[in-house]
Amino acid sequence: MSDSPVRHLALQGASNFRDLGGYPTSDGRITRWRHIFRSNHLGQLTAADVEIVRRLGVRSAFDFRGVEERAAGVCVVTEIAVHSLPIEPTVVAALRAELAKGALTAPVAIELMRESYRNYVRHNTHSFRALFGHLLEDRAPLVIHCTAGKDRTGFASALILHALGVADEIIAEDYLLTNQHYRRDATAATDLPDDVRNAIGSVEASYLAAAFEAVGSEYGDLEAYLRDGLKLGAAERTALKERYLTS
């Protein structure tokens, strides 16, 4: 039986709170447990949840939500310093535009999701670059999140694991864990058809693949994106590994 820490922390008010530790890397090391967490937003944590997060020692949150999203769910852990790295959501508005035209189907929703991931690279690389700047400075346990902790956070987590040398198949497995743990808001986007809500309320491999397709189109390959887009040179990559890997 493994004595590793639990990866998924079953909080009542944040169903997708997970640890990025314990993954093997190409240089034979392992990502450190209890250093980087990924989650859905922290605005609905219960008192018991808050105590768990405090015991984890989390002191910083890096929040990819847009302006209205942040206002609707302010972090309830008062000692956590929240750093806003906003990426405004676009998918639901685009879906409603398709609905108004009578053209909304689940395949349309899936393609809109893929396009939103491509746009993380095309239009929002600055937010991911800022995240890595913080990761290089912040030594305390920290959490990365958006509203659901699956798309903006999912791409950010994949980039972190890539930068640390985790294999692609493990990164994909971590990304898809959202489908096991995330509890969707039953009251969200109720004007949309159920199959469309299912498409936007879960993750699939093609979403993350679309982001990396855009990386290839815009930068040539992932290594160039890490270097030129995220400003992670050899020294920065080494510093990240020293901080977030263990032997």
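Visitor: What is the order of the strands in the open sheet?

Guide: General idea first: strands of a sheet pair through backbone hydrogen bonds, either parallel or antiparallel. In this predicted model, five strands make an open sheet in the order 1-3-6-4-5, and the pairing is mixed.

Visitor: Which strands stand at the edges?

Guide: Strand 1 (18-19) and strand 5 do. Each has a single partner strand, so one side of each is left without a neighbour in the sheet.

Visitor: Okay, let's walk across it. In which sense do strand 1 and strand 3 pair?

Guide: Those two are antiparallel, with two bridges between them. If you want a spot to look at, find Arg 18: its bridge partner in strand 3 is Arg 38.

Visitor: Which way do the side chains of strand 6 point?

Guide: In a regular strand the side chains alternate between the two faces of the sheet. Here, Leu 142 and Ile 144 of strand 6 (residues 142-145) point one way, while Val 143 and His 145 point the other way. All of them are buried.

Visitor: How many bridges pair strand 4 with strand 5?

Guide: Four, in the parallel sense, between residues 60-63 and residues 81-84. Ser 60, for instance, stands opposite Ala 81 in strand 5. To get from strand 4 to strand 5, the chain passes through helix 2 (residues 67-72), and this β-α-β crossover is right-handed.

Visitor: Now a helix. What span should helix 10 have?

Guide: Count 1.5 Å a residue: the 15 residues of helix 10 (residues 205-219) should span 21 Å. Its end C-alpha atoms are 21 Å apart, which agrees.

Visitor: Which residues of helix 10 are buried?

Guide: Keep this in mind: an α-helix has 3.6 residues a turn, so residues three or four places apart point the same way. In helix 10 the buried ones are Tyr 207, Leu 208, Ala 210, Ala 211, Ala 214 and Val 215. Look down the axis of helix 10 and these buried residues fall within an arc of 150°, so they line one face of the helix.

Visitor: What do the buried residues of helix 10 pack against?

Guide: Other helices, namely helix 4 (106-123), helix 6 (152-164), helix 7 (168-176), helix 9 (194-200) and helix 11 (222-229). After helix 10 comes Gly 220, with a positive phi near 105°.

Visitor: How many aromatic pairs are there?

Guide: A pair of aromatic rings is described by the distance of the centres and the angle of the planes. The count here is 10 aromatic pairs. Take Phe 64 and Phe 128: their centres are 5.2 Å apart with 40° between the planes, a tilted pair. Phe 64 lies in the loop between strand 4 and helix 2 and Phe 128 in helix 5 (residues 125-137), 64 residues apart, so the pair links distant parts of the chain. Both are buried.

Visitor: Where in the chain are Tyr 117 and Tyr 207?

Guide: Tyr 117 is in helix 4 and Tyr 207 in helix 10, 90 residues apart. They form another tilted pair, 5.8 Å centre to centre with 40° between the planes. Tyr 117 is buried, at a relative accessible area of 0%, and Tyr 207 is buried too, at 1%. Ring pairs also link Tyr 117 and Tyr 207 into a cluster that includes Phe 64, Phe 128 and Phe 212.

Note on methods: Residues are numbered from 1 along each chain as its sequence is written. This is a predicted model: local features need pLDDT of at least 70, side-chain atom pairs count only at pLDDT 80 or more; totals for chains, interfaces and linings use all residues. Side-chain values use heavy atoms; hydrogens and water are left out. Two strands pair if DSSP finds at least two bridges between them. A crossover is right-handed if, with the strands pointing away from the viewer, the path from the first strand over the helix to the second runs clockwise. The expected span of a helix is 1.5 Å times one less than its number of residues. Buried means under 20% relative accessible area, exposed over 50%, partly exposed in between (1.4 Å probe, protein chains only). The arc is that of the directions from the helix axis to the C-beta atoms. Contact means heavy atoms within 4.5 Å. Rings of Phe, Tyr and Trp (its six-membered ring) pair if their centres lie within 6.5 Å; planes under 30 degrees apart count as stacked, over 60 as edge-to-face and the rest as tilted.
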